[in-house]
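Hello,

Below is the structure I promised to pass on.

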Amino acid sequence: MTLLSEHDLLIEKKAAQEPPRKFTHVTYDSRQATAQTLFFCKGNFEPAYLNQAKEKGATAYVSEREYVQGQGLTAIIVRDVQKAMSLLGAAFYGFPQNQLFITGITGTKGKTTTAYFAHGVQDAHTNGHAALFSTIDRITGPKPEQRFKSDLTTPESLDLFHDMAEAVKNGMTHLIMEVSSQAFKKNRVYGLKYDLGIFLNISPDHIGRNEHPTFEDYLYCKEQLLRNSKNVIINAESQHFDEINGAAKGSLMDDHIYLYARENSLISFQTQVDFEFKETRQDLTESTVEISSYSDKGRKLAIDGAYEVDIPGDYNQENAIAAIVSAAMTGVSATEIRQHLPEVRVPGRMEVFQTKDHGTVYIDYAHNYASLKSLLSFLRQQIPDERLIVLTGSTGDKGISRRSGLGQAISEEADVAILTSDDPATEDPLQIAQEIDQHIDHDQVEVQIVLDRKTAVKQAIMLSKPGEIVVLAGKGRDATQKLNGKNVPYETDVKIAEDLIKER
Ligand SMILES: CC(=O)N[C@H]1[C@@H](OP(=O)(O)OP(=O)(O)OC[C@H]2O[C@@H](n3ccc(=O)[nH]c3=O)[C@H](O)[C@@H]2O)O[C@H](CO)[C@@H](O)[C@@H]1O[C@H](C)C(=O)N[C@@H](C)C(=O)N[C@H](CCC(=O)O)C(=O)O
Ligand SMILES: Nc1ncnc2c1ncn2[C@@H]1O[C@H](COP(=O)(O)OP(=O)(O)OP(=O)(O)O)[C@@H](O)[C@H]1O
């Protein structure tokens, strides 16, 4: 109760006749309640869930209002249940964050890739004692059963602190986690402080029903990482850099803010950054970047010199720089970083497959303007005179602005577009494809609509000739399709492509 009062969250506590002495479980899902559970009523909650929680043994509930269904239980009425849940969750699991060096990563694009880079290097440095909470998977320990698939980029607070506590129990000393703007908006990470926060970039995305009402709200939520970190690393080339840097300066002294930018970028002439980097070699599969430090605090990290990045794409160099600086700040030497960075691969991000009789196939997660544009313009530079064939769809029920963005990126860079399904959810995939198509310049790009994704993948590869590039965008290694509102198993773009390539 003290914790809630300190944060001005407690409105009232109504104790049951026999108030609980202790709790052995906390949950926000009535189906998971057991004896002596503290139950949280949040989100699209239905009062009947409280009946179920009570039947299963819950002894108290936390909620923004009192429910008749909660009669007989201790009721803890709070101003904001999500905030209360995060604080009480951390306390229930013994404040596991205090025993981990936590690196939080935010940005519209590159969170997962940067998290994998940082994790790969920190895990090697700590002999397997770095945990990872990413969009793809969560790693809470070194054993295979301590690695599982994620459902959200940043878990609900109770799950977050549960998994952190597991990581501590499994001997982990470091945690690298992606922090989505939704996590801040929904207070999944309320009260959590990061040892290090990385801000990669921001561009319009995640605006709409169930997400952010405006871009300003999206930016404000992302900036919370800077306000809750002890040290921050910021990509100075990000759009809205002045606001982002301003948010960092609002809560941190300059000594705790590390800025990086590409050499000769506009911002590198306007602002004193701590690190500049330049590409010294790049091809279709890898690149080399060279870092130079330009401040005392930058020089102290001793990371000047060349690094190999074995995931293609110039934007992955930016992601790698953030990971290199962050690793150095956690005590990893430049030699170790140089050794382990090239070993990192990210499932479903820039995976390259060579065919015998057709083009080179890239499987990537790009699914909005910013990411598809970066990907295609990188590939276009590599093959200025050959055809670039792109397969994409766009998700239903969210990110509506992505449809025009994808059409625009295709018009600017591609020669052929195959429009298909990508989690249409409850929407008609044909209509989504037509919406993307409306934004494609038909004088520049030949368009085909093939709604069955497996057929579309095969068609895209078969259409290509040696020297050309096929991009299968949007799904990475996703093994489900959301069709007609249901999650249906999907072989994955990777498996379909591999099987076809084996045959050809
Ligand atoms: C809008 C939003 O944030 N929704 C999240 C939220 O939903 P919610 O609280 O309304 O939960 P709900 O599923 O409607 O159910 C209401 C409550 O009743 C409970 N319940 C339900 C059934 C029952 O029988 N008994 C019971 O007690 C549920 O456990 C829940 O506590 O809490 C759920 C977990 O408890 C999340 O799964 C869900 O994320 C939805 C699915 C989602 O897609 N969110 C996206 C937008 C998201 O958060 N994405 C970001 C990444 C975006 C980015 O890159 O920026 C992320 O971090 O993943
Ligand atoms: N720094 C970057 N700038 C622009 N595009 C990028 C950057 N890094 C990665 N991408 C593109 O975005 C896609 C998604 O990358 P990644 O999964 O690392 O980002 P994310 O922030 O975790 O994305 P999401 O929020 O969609 O899960 C990649 O497949 C690539 O096409």
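Ligand 1 lies between domain 1 (2–92) and domain 2 (96–261 + 314–322), because both give residues to the shell around it. Please keep in mind that this is a predicted model.

The shell around ligand 1 holds 21 residues, and those that come nearest are Gly43, Asn44, Leu152, Thr153 and Ser180. Sorted by class, the shell has 10 polar, 6 charged and 5 nonpolar residues. Helix α6 (residues 181–185) gives the largest share of the shell, with 3 residues.

Next, a residue with an annotation. UniProt, in an unreviewed entry, lists Lys222 for "modified residue: N6-carboxylysine". Lys222 is part of helix α7, which covers residues 215–227. Is Lys222 buried or exposed? Lys222 counts as buried, because 27 C-beta neighbours lie inside 10 Å, and the cut-off for buried is 20 or more. If neighbours within four places in sequence are left aside, Lys222 is in contact with Thr106, Ser181 and Ile202.

The last item is helix α17 (residues 493–503). Its buried residues are Asp493, Val494, Ile496 and Ala497. Seen down the axis of α17, these buried residues fall within an arc of 165 degrees, so they line one face of the helix.

Regards

Definitions and conventions. Residues are numbered from 1 along each chain as its sequence is written. Chains are lettered from A and ligands numbered from 1 in the order in which they are written. This is a predicted model: local features need pLDDT of at least 70, side-chain atom pairs count only at pLDDT 80 or more; totals for chains, interfaces and linings use all residues. UniProt positions are given in the numbering used here, feature names are shortened, and annotations may be inferred rather than shown by experiment. Helices (H or I, at least four residues) and strands (E, at least two) are DSSP runs, numbered from the N terminus. A residue is buried if 20 or more other C-beta atoms lie within 10 Å of its own, exposed if 12 or fewer, and partly exposed in between; C-beta atoms are placed from the backbone. Two residues are in contact if their C-beta atoms, placed from the backbone, lie within 7 Å. A residue is near a molecule or strand if its C-beta atom, placed from the backbone, lies within 6 Å of it. Ala, Val, Leu, Ile, Met, Phe, Trp, Tyr, Cys and Pro count as nonpolar, Asp, Glu, Lys and Arg as charged, and the others, Gly among them, as polar. Domain bounds come from an automatic or database domain assignment. The arc is that of the directions from the helix axis to the C-beta atoms.
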